[in-house]
Amino acid sequence: MTDRKQKGEVPVSLLLASHCASCESKKVKASCPLCEQTFCNSCLEWLSDDAFFLETSRPARLSHSHYCCDCFQSEVADAFTLYQENAAKAREAFVFFTTQKKGIPLIRKANQSIQIKDNPDRDETILRLAYQAVLQGHNAIIDCEVKSEKQRHGGWQKMKWSGTALPATVDENKMNY
Ligand SMILES: [Zn+2]
Ligand SMILES: [Zn+2]
């Protein structure tokens, strides 16, 4: 993990109490939220807030800011690798808007459309739709439509984006851009 934010500050009692359960250093930084043993900074793995950025239903065990190396390996590493693979696929997914006129080399499509609501950014809305499609085993979204809405907050306005799309699988070999 590159992002080593200083989060999960330790209560003083804990600092006084112990040494690192892994390397015996007396510079205890935090306890691991899963095994509850105390560790020094270099024996902890830190996860940034946006580590599972596109994941809407992040399970509790994946929602901590730090882990000991053992718990990270056994509980987080595989899920994080899988997330990163799926996020990469979402970034490469094919996006067809409702305005698409050319034929789409469609192999199959989902029965139900998906929806993202109240997002601050247009591109992120589309990326989140694509990520949902990837989770369903598809490589594209079709009939994609994104809309913005101005929302007033006191004296200033901000945009909110919503989108719908149908997850689909297209023939990549016929996609020549
Ligand atoms: Zn240590
Ligand atoms: Zn642990």
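S113 is classed as partly exposed because 16 C-beta neighbours lie inside 10 Å; a residue is buried with 20 or more other C-beta atoms within 10 Å of its own, exposed with 12 or fewer, and partly exposed in between, with C-beta atoms placed from the backbone. The model is predicted, so local features need pLDDT of at least 70 and side-chain atom pairs count only at pLDDT 80 or more, whereas totals for chains, interfaces and linings use all residues. Residues are numbered from 1 along each chain as its sequence is written, and chains are lettered from A and ligands numbered from 1 in the order in which they are written.

S113 is located in the loop between β6 (106-109) and β7; helices (H or I, at least four residues) and strands (E, at least two) are DSSP runs numbered from the N terminus. Leaving aside neighbours within four places in sequence, S113 contacts T164, A165 and L166, contact being defined by C-beta atoms, placed from the backbone, within 7 Å.

The largest nonpolar core has 18 residues, of which A93, L129, A130, A133, A140 and I141 touch the most other members. Such a core is a set of buried Ala, Val, Leu, Ile, Met, Phe, Trp, Tyr and Cys residues joined through C-beta atoms within 7 Å. Two or more residues come from each of β7 (114-119), α3 (122-135), β8 (140-153) and β9 (156-170), with α3 giving the most, 7 residues.

Because 10 of its 14 residues are buried, α3 is largely enclosed by the rest of the structure. The buried residues of α3 pack against α2 (69-92), β5 (94-97), β7, β8 and β9. Just after α3, G137 adopts a positive phi of about 85°.

How values were computed
Two residues are in contact if their C-beta atoms, placed from the backbone, lie within 7 Å.
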